[in-house]
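Here's a quick tour for anyone meeting this structure for the first time. Have a look at it, then read on.

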Amino acid sequence: MSKITEQIEEIIQPVLDDLNFELVDIEFAKEGKDRFLRISIDKEGGVDLNDCTLASEKISEAMDEADPIEQMYYLDVASPGAERPIKDDKAFRNAVDQPVFVSLYAPIEGEKEWLGVLISVDDDHIVMQVQVKEKKKEVEIPRNKIAKARHAVLI
């Protein structure tokens, strides 16, 4: 997490706690000449448009007061969607028994991307059940080799 996103998290976490929303992700990105602050939120049962609007208003107030970003930016508060990122230990543990997609910094068994069901998680590894041709097998992946992970929708 970058320094600016850490600052933003410190500012908005109390706001989201007051609203009983979970902070899923923060992204501050430049796209063309514009900058976007994208905040993903969730709650038990999911968030709707009214939840996102309320959170956006409260976050905007807190950000205006603290003013950690010098440039003009667009604020986007949204649901993380079905393929939400998995970024921390809690998110990995909550994803056990669910389909996930993992991309790696370095290949394991010749592959840098794995899609399957997360079987187990510990401090150093995850274990996924994946389909290889006609067979299912388990793959153990060191957590320090994971570049990105997200929930997956299997069809």
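Helix 1 and helix 2 lie oblique to each other, a label for angles that are not under 35 degrees (roughly parallel), over 145 (roughly antiparallel) or 65 to 115 (roughly perpendicular). This is a predicted model, where local features need pLDDT of at least 70, side-chain atom pairs count only at pLDDT 80 or more, and totals for chains, interfaces and linings use all residues. Residues are numbered from 1 along each chain as its sequence is written, and side-chain values use heavy atoms, with hydrogens and water left out.

**The helix pair**

- Helix 1 (residues 3-19) packs against helix 2 (residues 49-66) at about 140 degrees, and their axes are 10 Å apart.
- Axes here are lines fitted to C-alpha atoms over the stretch in contact, with angles from 0 to 180 degrees between N-to-C directions.
- Helices (H or I, at least four residues) and strands (E, at least two) are DSSP runs, numbered from the N terminus.
- The two helices, helix 1 and helix 2, cross in a right-handed way, meaning the near helix is turned clockwise from the far one by less than a right angle.
- On the helix 1 side, the contact (heavy atoms within 4.5 Å) includes Ile-8, Ile-11 and Leu-19, while Leu-54, Lys-58 and Ala-66 are among the residues from helix 2.
- That contact between helix 1 and helix 2 has twelve nonpolar residues, no polar ones and one charged; Ala, Val, Leu, Ile, Met, Phe, Trp, Tyr, Cys and Pro count as nonpolar, Asp, Glu, Lys and Arg as charged, and the others, Gly among them, as polar.

**The strands**

- Strand 1 (residues 22-31) and strand 2 (residues 34-42) pair antiparallel over nine bridges; pairing takes at least two DSSP bridges.
- Glu-22 has Asp-42 in strand 2 as its bridge partner.
- Two residues sit between strand 1 and strand 2 in their hairpin, and Gly-32 in the turn has a positive phi of about 65 degrees.
- Five strands make an open sheet in the order 7-6-5-4-8, with antiparallel pairing.
- Strand 7 (135-142) and strand 8 (146-151) are the edges, each with a single partner strand, so one side of each has no neighbour in the sheet.

**Two loop residues**

- Asn-20, in the loop between helix 1 and strand 1, has a positive phi of about 65 degrees despite not being a glycine.
- Asn-20 counts as exposed at 63% relative accessibility; exposed means over 50% relative accessible area, buried under 20%, and partly exposed in between (1.4 Å probe, protein chains only).
- Asp-67, in the loop between helix 2 and strand 3 (74-78), is not a glycine but has a positive phi of about 50 degrees.
- With 53% relative accessibility, Asp-67 counts as exposed.
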